[in-house]
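Please look over the sequence and the structure shown here, and then read the short report that follows.

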Amino acid sequence: MILKELADLARREGLMEDPDYEPRPVRWIIGIGRGGKYLGVTSPSGPPDPKGKVRPKVFQVPRSPVRTSGSFANFLVDKPEYALGYDPDDNPKKLSKLARHRAMFREYVESAMVLAPDDRGLSSLLEFLRDDAAVADAVTAIRQEAAANDLIAFRYSDGADSGLIHDRDEVRAAWKKLRHPAGKRAEMLVECLGCGLPSVPVDVHPQVKRVPGGSTSGIALVSANAPAFESFALSITESAPVCRDCADAYGTALNRLFHPQYTNPDGKTLKRQTFRLSEDTAVIYWASGADEHQFVDEFGDLDFVDPAQAGALFEAVDSGKGVSLNDPTPFHALIVTGGQGRATLRGYFQSTVGEVAEHLRTYFDDIEIVRRFENSAKWPALSWLVRSLAPQGEFKNVDPDLAGRLFLAILGGAPFPREVLAAAVRRIRAEKVDSKSGKHSRERLALIRATLNRLRRKGDVRINSLTPKEITVVLDPECRTPAYGLGRLFAVLEKLQADAIGDPGASIADRFYGAASATPAAVFATLLRKAQHHQAKLDGAYYPRLIQEVLDLLPAEPFPSILTLEEQGLFALGYYHQKAELWRKKAKPEAAVATAE
C-alpha cells in the first residue's frame with residue numbers, strides 16, 4: 001500500500017517520464033569535439049539553497065545505484081575518481097585504484113558503443129578517454145576547485161550537433177538496454193507489491209538520501225544484508241518483491257519528499273514536503289490525485305518558526321480558504337527514522353485533506369494558551385513542543401517514538417499519549433516551570449492543557465472526576481478544582497515574595513515547586529507562614545485579599561498529602577495562568593509598595 005502510493009506520487013508529478021534517469025547536481029561539464037578533441041570545462045550553477053549557498057545545476061542523468069562499498073563505475077556521469085582517474089583529495093589509499101576506476105568508466109562507454117555504434121558523441125567521448133594528454137588537460141582545469149564527490153558530465157559540440165552526451169537519443173536507448181538486459185531471471189516472475197503484475201523483483205532496493213540519522217550516501221527502506229533479516233527463509237527478492245519500475249518510482253518519490261529543493265525533469269523546483277520531529281526522525285507527507293494542493297503546500301507550516309506562517313496555515317484551516325473540511329482528497333503522512341543500515345518506518349497515516357484540516361483546527365484550539373509576552377507566537381511550533389519534553393530542551397534528546405505518536409494523534413484528532421503529560425510534568429519539576437529565561441515553559445503548559453482536555457473529551461474517568469469543564473486558555477478565576485487552585489496560590493505567594501524582598505536569589509518556586517506540586521501538605525503551611533512576614537514589608541491588602549480569594553475556592557479540609565499525575569498537570573496550569581495574570585499588569589498592584597525595613 002505505502003510503496004504503491006509513493007510510486008503513484010512519482011508518476012503523477014511527472015518524475016518518471018524516463019525511469020532510467022534521475023536528477024543529480026553536476027558540478028563540471030567537459031566539452032568534447034569531433035575525434036575526442038578537448039574543448040574546455042564549464043561549471044553550471046543552479047539556484048541557491050535555502051541558506052543562500054550556490055549549488056551546481058541539476059540535470060537528468062543516468063540512474064545509478066548508490067556506491068557504498070566496492071568499485072564500479074556509473075554510466076557517463078561520475079566522480080573525478082572514475083571519469084578522469086583523478087582524486088581531488090589525493091588520498092594515498094585510493095592511488096592504486098585510480099587507473100582501474102578510470103578503466104571501468106571507459107569500459108562502460110565501450111559497452112554502450114556496441115549498442116549505439118553510430119553515435120558520434122559516444123565515439124568522440126571514447127577517443128577522449130583514451131587520450132591521456134586530453135584527460136590531463138581536463139584534470140588541470142578542475143584541480144583547484146574540484147571536490148571528491150563532484151559529478152562530471154560530458155558535452156559533445158560539432159556545429160548543430162551539440163548537447164550532453166548522456167542526453168542523446170541513441171545513448172538513452174543504449175543505457176536502457178544496459179540497465180534492463182533481456183531475459184534476466186525470467187523464471188523468477190512474482191507478483192509485484194507495487195503494481196500487482198508478474199515481474200522480476202529487484203535484488204537491491206533504492207537508496208534514500210537526506211533521511212535524518214541516515215548515512216550521507218543514503219539508506220534503504222527495504223534491505224536484508226544478513227540471513228537474520230530474511231524471515232521464514234525468504235530472500236529479500238521473495239519477502240519484498242518489487243519490480244524495477246515500481247522500485248525506481250517509490251525511491252524517486254522518497255528522495256523527492258525528503259529533498260528541500262527537488263528538481264523535476266522540466267527544471268522546476270518542487271516545494272518541500274517534509275519536516276523533522278527529532279534529531280533522527282522526520283515526517284514526509286503528500287496528497288493523492290492532485291499535482292498541487294494548497295493544504296499540502298502549507299502543511300509544513302505546522303512546524304513554523306515565523307508566527308506569520310502559522311497564521312497562514314490556521315487561516316487556511318479555519319476559514320476554508322484553499323481547503324474545505326469536506327475535501328475528499330486522500331492525504332498521506334509517513335514517519336521515518338534514519339539509521340546507518342536502513343530506515344525505520346515509525347508510523348503511517350492515511351485520511352482525507354478535509355478530516356486532517358478539521359483535526360488541525362482542533363489542535364490549534366487545544367494548544368493555545370495565554371501569552372505572557374505579546375510578541376510571542378499564538379501557537380507554539382510543533383518542533384518546540386516536542387523539544388520542550390526533552391532534557392535541556394535539546395533536539396538531540398527528543399524521544400522519536402513519543403514525538404511520532406504525538407504527531408499521529410494530531411492528524412487523527414485522537415487523545416495525546418499520556419506519556420506527553422508525564423514528560424511535561426517531569427521536565428517542569430526538573431527544570432522549573434518558569435526559569436529566568438522562560439525556556440519551553442509555555443510549550444509544556446500548552447501540551448498539558450491539550451492532553452488533559454483531549455482525555456476529558458474521550459471520557460477519561462480520572463480527568464472528569466477532577467474538573468467539571470475544559471481547561472481554559474487564560475486564568476479561570478472561578479475554578480474550584482483543588483490542584484488548579486493550589487497552583488494559583490503558589491504563584492501568588494511567589495509574587496508576594498518578589499515584591500517584598502526583590503530578587504531573593506532562589507525563589508520559592510526554585511526551592512519548593514517540586515514538593516508543592518506533588519505533596520502540597522508538606523509545604524503549603526510553611527509557605528503561608530512565610531507569606532505573613534513578606535506581607536509585613538508591604539503596605540496595602542492586595543495580596544492578603546488575593547490569597548483569601550484563592551483559599552475560598554479550595555475545599556475546607558487540609559491540603560492534600562499527594563497529587564496524582566493529572567492533578568500535577570492542573571497545578572502547573574493554575575500556576576502558569578495566575579503568574580501570567582500577575583505579570584501582565586505593568587503597574588504594581590494597589591498600594592503594594594515595599595516599605596523601608
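## An exposed loop residue

Lys37 counts as exposed because its relative accessibility is 55%, where exposed means over 50% relative accessible area, buried under 20% and partly exposed in between, with a 1.4 Å probe and protein chains only. Lys37 lies in the loop between strand S2 (28–32) and strand S3 (38–42). Leaving aside residues up to four places away in sequence, Lys37 touches Gly31 and Ile32, a contact being heavy atoms within 4.5 Å. Between the C-alpha atoms of Lys37 and Glu127, which are 90 residues apart along the chain, the separation is 8.3 Å.

## Basis of the model

This is a predicted model, in which local features need pLDDT of at least 70 and side-chain atom pairs count only at pLDDT 80 or more, while totals for chains, interfaces and linings use all residues. Residues are numbered from 1 along each chain as its sequence is written, and side-chain values use heavy atoms, with hydrogens and water left out.

## Two helices in contact

The axes of helix H17 (residues 482–501) and helix H18 (residues 508–518) come within 11 Å and cross at roughly 165°, and the two helices are therefore roughly antiparallel to each other, a term for angles over 145 degrees. On the H17 side the contact is made by Phe490, Leu493, Glu494 and Gln497, and on the H18 side by Ile508, Ala509, Phe512, Tyr513 and Ala516.

## Helix H11

Helix H11 (residues 353–367) has 15 residues, and its buried residues include Val353, Leu360, Tyr363 and Ile367.

Methods: Helices (H or I, at least four residues) and strands (E, at least two) are DSSP runs, numbered from the N terminus. The expected span of a helix is 1.5 Å times one less than its number of residues. Axes are lines fitted to C-alpha atoms, for helices over the stretch in contact, and angles run from 0 to 180 degrees between N-to-C directions. Angles under 35 degrees count as roughly parallel, over 145 as roughly antiparallel, 65 to 115 as roughly perpendicular and the rest as oblique.
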